[in-house]
Amino acid sequence: MNQLTKLRTALSGPQDPRQRLLALSTVVNTIGMGIFLSTGTIFLIRSAGLSPTNAGIGLTVGSLIGFGSGVLIGDQADRRGAREVVIGSMLLEAVASVGLLFVHSLWPLVVVAAAAAVGRSGTGSARGAMIGALAEEGKGAQLRTYLRAVTNVGLAIGTIGAAVVLAVDTRPAYVGMILTDTITFLIGAGILARLPHIPPTRSAGKDSAERKKERRWVALRDLPYLALTAASSVASLQYFVLVTGLPVWIVLHTAVPRWVAAVVLFFEAAIVAATQVPATRSIDGPRSAARLLALSGPLFLVSWILIAMASGPAAWLAITLLLVGVVVHSLAEVWQAGGAFELSFALARPEAHGQYQGVFGLGYGLTEAVAPIVVIAMCVNWGKPGWIILGVIVAAAGFVCALVERIWARSQAAVEAVPADA
């Protein structure tokens, strides 16, 4: 099935027109993301003129500056309505994207990366509030799994363009890639503007007595959720292994052509898009989500061993190892992403999804900030042992997530067992 057919099938899923608009905005946004994720680091090195070290430092420092913004923005989405907050965050991402065209040294990259981090964090947390508000009773897991599939359809389509950019490898090609990324943010925001206002789930206008009774930063006091966030953030290093480490590994340490870096990412995104729904159909609550998340870890380890072995052999064998490794990684990613996504909602209080998603995004944001340095150091500089060590770390983090879910479930059962008049 070609990508346009997959896109048509995916977008015909929800019957609720609001969910359809959310899905359409998501897939448009992720087309640009797919292009940039596959080529962004290479753009900074080969077109903007930065060294690999400066590119990693700039992205890391910028992300750290924007760290924590998702909690504040998500809380505003809960209190004032998610639609407007998502649109504003996407517009900031558009500004940051076009700003990359003016980056030729470290400090401008830091400024642009910081703006992008704030916009990305805000979009993620506010979109989480929107998903919580638009999900039908009892069908939250289904909608979230569907949106994950749509996201990967967009990524798969985007990587086709990335392959062309990497093959051409000229400044105009990279400029076109950046402008396309910018336009997708604008179109995505325009689509969401067609949605009606989504009422807030927590009132921003309560009187002082009500505010005293309500703890505003409930997510920051939720210890099981904070533990889940920490463990899941370590497990989410898997995303950056492919988008940051793998392209550089292929270009610098294998005998395969440069354009193969984009092709294998397209291959991975296409597999994830096609298998996200069937492979996570068993998720019907937090326990099943935790089980799949734990199972994903050993698969990542196997995948990265295969990818590491691609350094040294002839091109045809290296490509075979890369493709097999990416297939294994795809199944692991589906299980890890679906499980973590479900747990991030299941363990949250429903009236504060934006704030909880902002907290969950803190972990991802911290991982995103340190990932360029960690992944490049371990997967590129350390070589084959680094791939294996990182695989063990990510596998352990998945098991910790499953343990947190069990502890949380026991605490919920204990609360429910207490008589109402106790």
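Author: A residue is called buried when its relative accessible area is under 20%, and this is the sense in which the word is used here for a model that is predicted. By that cut-off, both Phe-43 and Tyr-174 are buried.

Reader: What makes the pair of Phe-43 and Tyr-174 a tilted one?

Author: Ring centres have to lie within 6.5 Å to pair, and planes under 30 degrees apart count as stacked while those over 60 count as edge-to-face, with the rest called tilted. The centres of Phe-43 and Tyr-174 are 6.0 Å apart, and their planes stand at 55 degrees, so the two rings form a pair and the angle falls into the tilted class.

Reader: Why is the pair of Phe-43 and Tyr-174 said to tie parts together?

Author: Phe-43 belongs to helix α2, which covers residues 17–46, whereas Tyr-174 belongs to helix α8, so the pair links parts that are 131 residues apart in sequence.

Reader: How do you know that α2 and α8 are roughly antiparallel?

Author: Their axes come within 8 Å of each other and cross at roughly 155 degrees. Angles over 145 degrees count as roughly antiparallel, and therefore α2 and α8 are given that description. Their crossing is left-handed, and the residues of this contact divide into 16 nonpolar, seven polar and three charged.

Reader: Why is Asp-169 called buried?

Author: The relative accessibility of Asp-169 is 17%, which is set against the limit of under 20%, so Asp-169 counts as buried. This residue sits in the loop between α7 (140–168) and α8 (171–192).

Reader: Which residues form one aromatic cluster?

Author: Tyr-225, Tyr-356 and Phe-360 form one aromatic cluster.

Key:
Residues are numbered from 1 along each chain as its sequence is written. This is a predicted model: local features need pLDDT of at least 70, side-chain atom pairs count only at pLDDT 80 or more; totals for chains, interfaces and linings use all residues. Side-chain values use heavy atoms; hydrogens and water are left out. Helices (H or I, at least four residues) and strands (E, at least two) are DSSP runs, numbered from the N terminus. Buried means under 20% relative accessible area, exposed over 50%, partly exposed in between (1.4 Å probe, protein chains only). Axes are lines fitted to C-alpha atoms, for helices over the stretch in contact, and angles run from 0 to 180 degrees between N-to-C directions. Angles under 35 degrees count as roughly parallel, over 145 as roughly antiparallel, 65 to 115 as roughly perpendicular and the rest as oblique. A crossing is left-handed if the near helix is turned anticlockwise from the far one by less than a right angle, and right-handed if clockwise. Ala, Val, Leu, Ile, Met, Phe, Trp, Tyr, Cys and Pro count as nonpolar, Asp, Glu, Lys and Arg as charged, and the others, Gly among them, as polar.
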